[in-house]
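Here is a short walk through a structure for someone meeting it for the first time. Keep the sequence and the 3D view open while you read.

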Amino acid sequence: MSTATPAPTRPPRTDAPPAGGPGAAPARGGSGLFDPRQLVTSFPDALRKLDPRVMVKSPVMFVVLVGSVVTTALALTDPTDWFGWAITGWLWLTTIFANLAEAVAEGRGKAQADTLRKAKTDTVARRVVPGVDSLKQSRTGVRTGAPAGARTEERVAGTDLRVGDLVVCEAGDVIPGDGDVVEGVASVDESAITGESAPVIRESGGDRSAVTGGTKVLSDRIVVRITTKPGETFIDRMIGLVEGASRQKTPNEIALNILLASLTIVFLLAVVTLKPFAIYAGADDQTSMIVLAALLVCLIPTTIGALLSAIGIAGMDRLVQRNVLAMSGRAVEAAGDVSTLLLDKTGTITLGNRQAAEFVPVAGVPAAELADAAQLSSLADETPEGRSIVVLAEEAYGLRERDPGELPGADWVRFTAQTRMSGVDLDGRAVRKGASGSVVAWVKERGGRVPEDVRDLTDRIAEAGGTPLLVASADEGGDARVLGVIHLKDVVKEGMRERFDELRRMGIRTVMITGDNPLTAKAIAEEAGVDDFLAEATPEDKMALIKREQAGGKLVAMTGDGTNDAPALAQADVGVAMNTGTSAAKEAGNMVDLDSDPTKLIEIVEIGKQLLITRGALTTFSIANDVAKYFAIIPAMFAVAYPSLDRLNIMGLASPESAILSAVVFNALVIVALVPLALRGVRYRPASADRMLRRNLGIYGLGGIVAPFIGIKLIDLLLSLIPGIG
Amino acid sequence: MSPQLAGVLQLTALIAALALSYRPLGDYMARVYSSEKHYRPEKWIYRVIGANPAAEMRWPAYLRGVLAFSAVSVLLLYLMQRVQGSLPGSLGFSSIDPDQAFNTAASFVANTNWQSYYGEQAMGHVVQTGGLAVQNFLSAAVGMAVAVALVRGFARSRTGELGNFWADLVRGTVRVLLPIAFLGAIVLVACGAIQNFSGIHSVGQFTGGTQEWNGGAVASQEAIKELGTNGGGYFNANSAHPFENPNPLSNLFEIFLILLIPFALTRTFGRMVGSLKQGYAILGAMAVIWLGFSALMMWTEFAHRGPAFEIAGGAMEGKETRFGIAGSSLFAVATTLTSTGAVNSFHSSYTGFGGGITLLGMQLGEIAPGGVGSGLYGMLIMAVIAVFIAGLMVGRTPEYLGKKIGTRQIQLAACYILVTPALVLGFTAVAMALPTPADSMTNSGAHGFSEILYAYTSAANNNGSAFAGLNADTQWFNTTLGIAMLLGRFLPMVFVLALAGSLAEQRPVPETAGTLRTDKPLYAGLLVGTILIITGLTYFPALALGPLAEGLAS
């Protein structure tokens, strides 16, 4: 994207606070906080998930389900045994709690899906009947300027559209499908998807041509070429994603499942083989099938087994909360592993536009005169750079902003990309401001001379990473002369240096991508504190950089919006396409940022890391829990056969029955207790790997060993109050 | 000097000796396995077996080498025993029965060296020295070769090649085991161990009557028995026998030999992966467990109550007075935390807890420091598991030594950790459920259970020590223990080599500040915790019914 001329169609959102904050949340279905009521409302879904065909996907929970069925059968054979029923009940609850965790996680997405579905009401499309002439022109994307009535249209259902069809959308129409604008320009309300009410401009050609089905044209008229089959549109995919219907297990999740399954087998072995040992020891009665099933369920890693899929869904959901759609869970996982971030300078590292920072007069010209001329010549310049000159003149020299209207007889010269100058002819005096080459040419044309120090001044500014603009004036009849230089500067966003320092501590290298020359780029890179920069970057350069990093084993994340970004987006491990971008870019990337805020890449990386940390923390917690459960159940089973083993009952649990039941109850309740943590993710603050490991090992490793001792004891105390147990 | 102080001094001397040899031996072994040069005797061997030592092997080829070589070894050793009766130099001993011959062949090839026979009453010079001692070298060299292949898997990238099995086997034998065993044998002879080929002597006893003793190449076999973490004694009394282990000095030296290579291999590992610190972290985890177990063992054996014990200064039943409690405890821990299985005292006679420590030591997978080679690869598998569980907590998908631990890697590691628990618990359960195996128990109750649990733990983990008290020379035990030994040795090797292959193919992930540091004490601590919780908890119920029930009762 060009930085010299602002893209007029870019939605004016660069100064807005980063989305994903509280401001953006209400528009979306779910909020970041966990509401305990969700546990109740999701209960029916949890019951529906008891289908063995669904359960078998989680080997750990499937074993619990089998255990529940077996104990139920055993309890039925001896209906008077309260203990058997109690264990059976809690085993079923364990299974249901696991499903509940998943249902709650999915439920949060459902609300969002419902909002989206509303946007997907059946639309009627105004399809252009292919005519030889219009079709040919439209296919090439050239604006024909042909009158609207020159085409024949037919009304068809939105679902009957085919890829390549042309449809006409006018103010008030809902766009019937995803596509590219091939003709016209319109403002479009995309709030149905982005939750952002400010309309955006969509126009044919360039990088702002993509429109999304379900969004509404507010003004003007566009012709859209459909690029997606009905049923596979962006909104359809979005619904699938937020509902978790199309969720696939990610590579790390699969690997973790394998480890959990193998631990389950190990503990299954330990429990199954215990029976003959117990018979030999004379503890046959104490090791009934029900007790062994209870022991098995306590030992296998049910906590993480129950919460694993909820963690994954919640991770995707946290991205959705921040208006980012990940097309695959794999991308979210990869985000945690990223070690190189490619960041576009404009909009990410610097504010969208350069701003005037200083007026530097040439020798012999008073500063006030330069400021006055700079202001005059910029009044007709509506670009942000021009505005910033007027603002600087006011702030630094007290020059009141003049309204072009109050200067009668002024002949305004507007800024154009061709002349690269703006200015005014007023009372026989001409003032110009612009790119140094253009102004120098203008001065020489009028017989003026360019002083030697102008070159020094412009060089100095360029070296410092700024852009020099020359200001010159010419009196009628007199020679033109250069008055001085305006120092236009890229303004680095506040807090970026700290952000990059943080990233460095996390082991992530940042590379700034810019179209600037190397000198300018270096200065900004130093000011912002990025690790490296790519100057005068072409899409090919970007691609080469990504491939180079990947060849070294690094994972790369980038953002992009243009069609020429598409190959790089596809190559990057995490490619975040801006929603304002072309459909080619959106297809190529594996995430779409609905806010089109390139800074968000950093948040995406953090969410990826948080997802992995949550998974690891709960796995560690789950495994560490087993120690206490042994100390509850082993003495309960064997203290009769070997009274010495009662010494292992260090918790002082009331009776064998209450000990076993307490362990089972704790095991079930801990799932529910950890649902909020699984959904929210463990607290994440950027730090080095060492510090993070120390902290999380302390909390979830040691905590995982200690917590169940306390929990089981407390439950036992409560249970022992029930007559007949204690 | 109190026996406790003697224990501390022995431990200190041991640590000093190990520390002194750690660097030179570790570095030397790294050079041995990395060098391009072949010595002349090695070239002769390659020519005889028709191997090209320069040919790189991918993991299936490497595995085929391991399995083919071991299968031939089992067969040869089996045949030697079956025809012993017609071999010269057999001291008149007859051929061994098929089930016992199979058990012994499996045992020595699997580096287990479980002995269901009485050495001095069954095996002649030819089988002892030409068969069993040879396997003491070769089975140890196979273990080291597999460990080195895994280390190469970590060190290499974008290749599936793991080196050449035949070269690794020959070099491990010729350049590492033979020279050290040679020196070790000389030291043992100097200490008083015997080394001859004499026949059977009849010796008159003080109490009247005569006893028959045969000589043999004992010192040389003793050296490789300890050095190669084999453990099969020349005599039934193993290292408690004065011909094998005459005095406290030889005792300490034998413990040193047991621990020498397994510890030093961590240095070799660090050298080969290009970061000595990574080796230190693994060493640290091994050392913490070994020291902890040694301290616990001495404590429980010294603290044993009762008047007889107090006079003896602790539990002396089944221990040699010339080694005392400290020398016996150190030996027992070293032999069960490695895959040695040599004994200088009777583990069955240890206190309940003491017996439990020997059992748990084996059940941890014999990785602290473990058998020659097998200790290192076992520990590295646990390191992979620890990285996988805890590595996520730093916010990255797990990686170890620059290699991603993905689905395939964790699959193989998970299979590895399933093998021994399945064998130990499975066979023990079947043995307990069947009517006849229990007849072999000498004791009843918890101790009797420990005897059988110990037998299968020892076999599946390739330890080879016995709890004593169990009559293992029955068809049932000879056969099932033999199967447990073979599967417990070679199935894990399959997974280790497959893992090595999958790691070697990967491209390395560069280390950043966000990478889990696996060369720090924190990680070593995490590794110890993972081992204790994952493998320890697997056996907790079984241990509770054996040594814990016994130990807590006293």
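Begin in chain A, at the lining of the second largest cavity. Four elements of chain A, α5 (82-119), α8 (234-243), α12 (302-321) and β8 (324-326), each supply at least two residues of that lining. Bear in mind that this is a predicted model. Helix α12(A) gives the most, with four residues. The lining has 13 residues, and A:Leu241, A:Val242, A:Met316, A:Asp317 and A:Val320 lie nearest the centre of the cavity. By class, eight lining residues are nonpolar, three are polar and two are charged. The space inside is about 110 Å³.

Now step back to the whole structure. Rolling a probe the size of a water molecule over the atoms shows where empty space is left. How many cavities of 30 Å³ or more does a search of the whole structure find? The search finds eight. The largest cavity has a volume of about 300 Å³. Its lining counts 23 residues, with B:Gly365, B:Glu366, B:Tyr416, B:Thr420 and B:Asn461 nearest the centre. Look to chain B for the helices here: α14, α15 (407-433), α17 (475-505) and α18 each supply at least two lining residues. Helix α15(B) has the largest share, five residues. The lining of the largest cavity divides into 11 nonpolar, 10 polar and two charged residues.

Next comes the largest pocket. About 1,100 Å³ of space lies in it. The pocket is lined by 43 residues, and those nearest its centre are A:Val627, B:Gly529, B:Leu532, B:Ile533 and B:Gly536. From chain A, α24 (600-624), α25 (626-638) and α27 (689-719) each supply at least two lining residues. From chain B, α10 (276-302), α13 (352-363), α14 (374-391) and α18 (521-553) do likewise. Which helix gives the largest share of this lining? That is α18(B), with 14 residues. The pocket lining has 31 nonpolar residues, 11 polar ones and one charged residue.

Take α24(A) first. Its 25 residues should span 36 Å at 1.5 Å a residue, and its end C-alpha atoms are 36 Å apart, so the two values agree. Of these 25 residues, 25 are buried, so α24(A) is largely enclosed by the rest of the structure. Then follow α27(A). It has 31 residues and reaches 43 Å from its first C-alpha to its last, close to the 45 Å expected. Along the way α27(A) has a kink of about 45°, centred on A:Gly703.

Chain A as a whole has 27 helices and 20 strands. It has 726 residues, and 58% of them are buried. Consider its contacts between residues at least 6 apart in sequence: 73% of them join residues at least 24 apart.

B:Gly228 sits in the loop between α8 (218-227) and α9 (248-273) of chain B. Is B:Gly228 buried or exposed? With a relative accessible area of 0%, B:Gly228 is buried. Beyond its neighbours within four places in sequence, B:Gly228 is in contact with B:Asn111, B:Ala140 and B:Val372. The C-alpha atoms of B:Gly228 and B:Leu177 are 7.4 Å apart, although 51 residues separate them along the chain.

B:Ser450 belongs to helix α16 (residues 445-460) of chain B. At 1% relative accessibility, B:Ser450 also counts as buried. Leaving out residues up to four places away in sequence, B:Ser450 touches B:Phe467, B:Gly546, B:Pro547 and B:Glu550.

Finish with the backbone. Most residues other than glycine have a negative phi, and most peptide bonds are trans. In chain B, a cis peptide bond joins B:Ala368 and B:Pro369, with omega about 0°. B:Pro369 lies in the loop between α13 and α14 of chain B. In chain A, A:Asp220 is not a glycine, yet has a positive phi of about 65°. A:Asp220 is placed in strand β7 (residues 216-226) of chain A. A:Asp427 also has a positive phi, near 50°. A:Asp427 is in the loop between β12 (421-426) and β13 (429-435) of chain A. With a relative accessible area of 70%, A:Asp427 is exposed.

Definitions and conventions
Residues are numbered from 1 along each chain as its sequence is written. Chains are lettered from A and ligands numbered from 1 in the order in which they are written. This is a predicted model: local features need pLDDT of at least 70, side-chain atom pairs count only at pLDDT 80 or more; totals for chains, interfaces and linings use all residues. Side-chain values use heavy atoms; hydrogens and water are left out. On a 1 Å grid over the protein atoms alone, a cavity is a set of points where a 1.4 Å probe fits but cannot get out, and a pocket is an open set with protein on both sides within 12 Å along at least five of seven lines; lining residues have an atom within 4 Å of a point. Grid points are joined across faces, edges and corners, and a volume is the space filled by probe spheres set on the points. Ala, Val, Leu, Ile, Met, Phe, Trp, Tyr, Cys and Pro count as nonpolar, Asp, Glu, Lys and Arg as charged, and the others, Gly among them, as polar. The expected span of a helix is 1.5 Å times one less than its number of residues. The bend at a residue is the angle between axes fitted to the seven residues ending there and the seven starting there. Buried means under 20% relative accessible area, exposed over 50%, partly exposed in between (1.4 Å probe, protein chains only). Contact means heavy atoms within 4.5 Å.
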